[in-house]
Structure formats: structure tokens, C-alpha cells
Amino acid sequence: MKKYTEIKDISNLSDMIKEAILLKMQPFEFSELGTHKTLVMLFFNSSLRTRLSTEKAASNLGMHVSILNVNDAWNIEFEDGSIMNTNSSEHIKEAAKVISQYADIIAVRAFPGLVDKEKDASEYILQSFIKYATVPIVNMESATAHPLQALADAITITELSEKRKPKVVLSWAPHPKALPQAVANSFVEMMIEMDVDLTITHPEGYELDEIITKNTPITHNQTAALKDADFVYVKNWSNYKDYGKVLNEDPNWMMTQEKLGTAKFMHCLPVRRNVVVEDAVLDGGNSIVIKQANNRTFAAQVVLKRILENL
């Protein structure tokens, strides 16, 4: 593996999931692989699980980790030909090359602005690092994708599924803030690669990008979608057509224990209790969000391991 910026970078998903599960059983087996290697983690946006799990994954492999909250340090310019006479003090062309001298792998986290759809879709921050850095890049969530989270989700479903082909439902939920489509996008992409029966449910007008959903069944009837579900992944995302807008806060879309039934409940966290999902679900026996979060470490670890093996 030369990089992990999108799910397509995985050559064999089944093998990668199996390897991640083995790493979970023996996390320090390859603790010398990353000796004298450095992971530089760049955060353009804050993080809890992604930061801690990726740092732990690198540590398990014996890597040194350097962390920089980029927007707290300085403003990087990304546009070519720009006249840098305002807030930007360094161009990505220099920054990426300099950081590459300090790092063996660079991991980047940068959210969308949710204002300019075309600009967000261009993934200009992530793509600039891919273009100008001279070391492998790992995507810790970008404007349109969260492939590390999706890999952790795939590991979780594989571990806990009691069926050869489980029914998996991605359900939209209300939220007071405009959130990205990144987690939902990558979850759908990952499930399409797995042997699952995937259904997406959301209010009218909250369709995701058709390029991502492809032929996945989509319904506006949440009750019908949840029937006989084995795993229910709940996530909010803002409007994609009327880009970045919150046009629906219908509390009836909140996940309840009655709706969930016997299905296993998934969420990437953080989650707003009694807005996205009621307490009874999160505190109940069918919630697997903590196990899901734990698998973030081993998703990151298998990615870093494969990149280190290719250096």
C-alpha cells in the first residue's frame, strides 16, 4: 500500500479486515516495524478518536509521532499564483515538501467548508498534500471521505455479524448543525465492497451523491428500511443538493429502541444523545459504538503497517 486516501487504495478488503483482526489480537507483534520512522499528523480540524487511535496505532508499530494543529500554528495558502499579502504565511508547495523531510508518513485531517460544493469536492487540501509531499499520505477525514472510519466499521461488522450476508441500514438522523457527508459517503462505499444487504433511508431531499450510492436501495420510509435489520448505522449529514443546508430537523427521525428492535446500533461518535439517538439505545445491550470506536486503532494500524512495509 502506497497511501490511504480513499477506499480504492485497498487491494483486497477481506484480507485487510482479517489482518486488522489479527493485529487486534497481537497489537505489538510488529512493534519494530516502525522503529526510527515518524508519523506526522496534521489537524486542520479538531479530533478525539481519530487523533488518539491513530497515535496509538503508530505507537503499537514502534513509530514516533509528531502532531500539529495546523490552523493554530499558521495559515497555509493552497492556490497557485496567489499574492500572499493577507493572512497566509506559507504556501503548500513549501510546507508539504518541508514536512516530508521530517516524516515518513503524513496523515491529514481537513473538513469541508460546506459552502462551496465544487471547492469541497475538489479535496484541495488533501490533494495538495498528495501532489507536493514526497512521502505517503493517510486521510484522517477529508471534505468528502473518512476511509479510516469506514474500515473500522467494516472490521466491526465482520467481527459481530451472525449471518453470511447481514442486512445493514444507514439511517439519517436530525442534528442542529450542518455536518459533512464524509462519514456517510465512505460507509456506503465500504458496504458496497462487502457482502452485505445495504439500504439507505433519509428524508426527501437528503440524497447523497449518486456517484457514491450507485444502485443502493434508498427509501424515505425509515420504518420500512429498518425491518429485519441486523446493523443500523445512524448518521446525520447536511443537504447535498442544497449544499450544506439544514432543511430538516424532524425529531421523528431520531433512533429509538422501538425502531431499532434487535439490530446492532452503530455510530461513529461523537453523538448527541436524545437528538440523534435516545439514551435507551446508547445505553442498551445492542449498542456497539464503543467496540466500533476501539476498532479505529486497528483500522489505522493495519493501514500504517502496510504502508511501512512498502517504504
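**Close-up views of the domain 1 and domain 2 interface**

**View 1. Residues in contact between the two domains.** In this predicted model, 33 residues of domain 1 are in contact with 30 residues of domain 2. The domain assignment gives domain 1 as 3–145 + 296–309, and domain 2 as 147–292. The C-alpha centres of domain 1 and domain 2 are 25 Å apart.

**View 2. Area buried between domain 1 and domain 2.** About 2,400 Å² is buried between domain 1 and domain 2. Carbon and sulfur atoms give 71% of this area.

**View 3. The salt bridge between Lys-24 and Glu-159.** One salt bridge is counted between domain 1 and domain 2. Lys-24 and Glu-159 form a salt bridge in which the closest N and O atoms are 3.1 Å apart. Seven residue pairs are in polar contact across the interface of domain 1 and domain 2.

**View 4. The side of domain 1 that touches domain 2.** Elements that give two or more residues to this side are α1 (13–25), α2 (49–60), α5 (117–121), β6 (137–139) and α13 (289–310). Sorted by class, the residues on this side of domain 1 are 20 nonpolar, five polar and eight charged.

**View 5. The region 183–305 listed by UniProt.** In an unreviewed entry, UniProt lists residues 183–305 as "domain: Aspartate/ornithine carbamoyltransferase Asp/Orn-binding".

Conventions. Residues numbered from 1 in each chain as written. Predicted model: local features only at pLDDT ≥ 70, side-chain atom pairs only at ≥ 80, totals over all residues. Heavy atoms only, no water. UniProt positions renumbered as here; feature names shortened; annotations may be inferred. Domains from an automatic or database assignment. Contact = heavy atoms within 4.5 Å. Buried area = accessible area lost by both parts, 1.4 Å probe. Salt bridge = Lys/Arg side-chain N within 4 Å of Asp/Glu carboxyl O. Polar contact = N/O pair within 3.5 Å; in protein donor to acceptor, adjacent residues only side chain to side chain. Helix = DSSP H or I, 4+ residues; strand = E, 2+ residues; numbered from the N terminus. Nonpolar A, V, L, I, M, F, W, Y, C, P; charged D, E, K, R; others polar.
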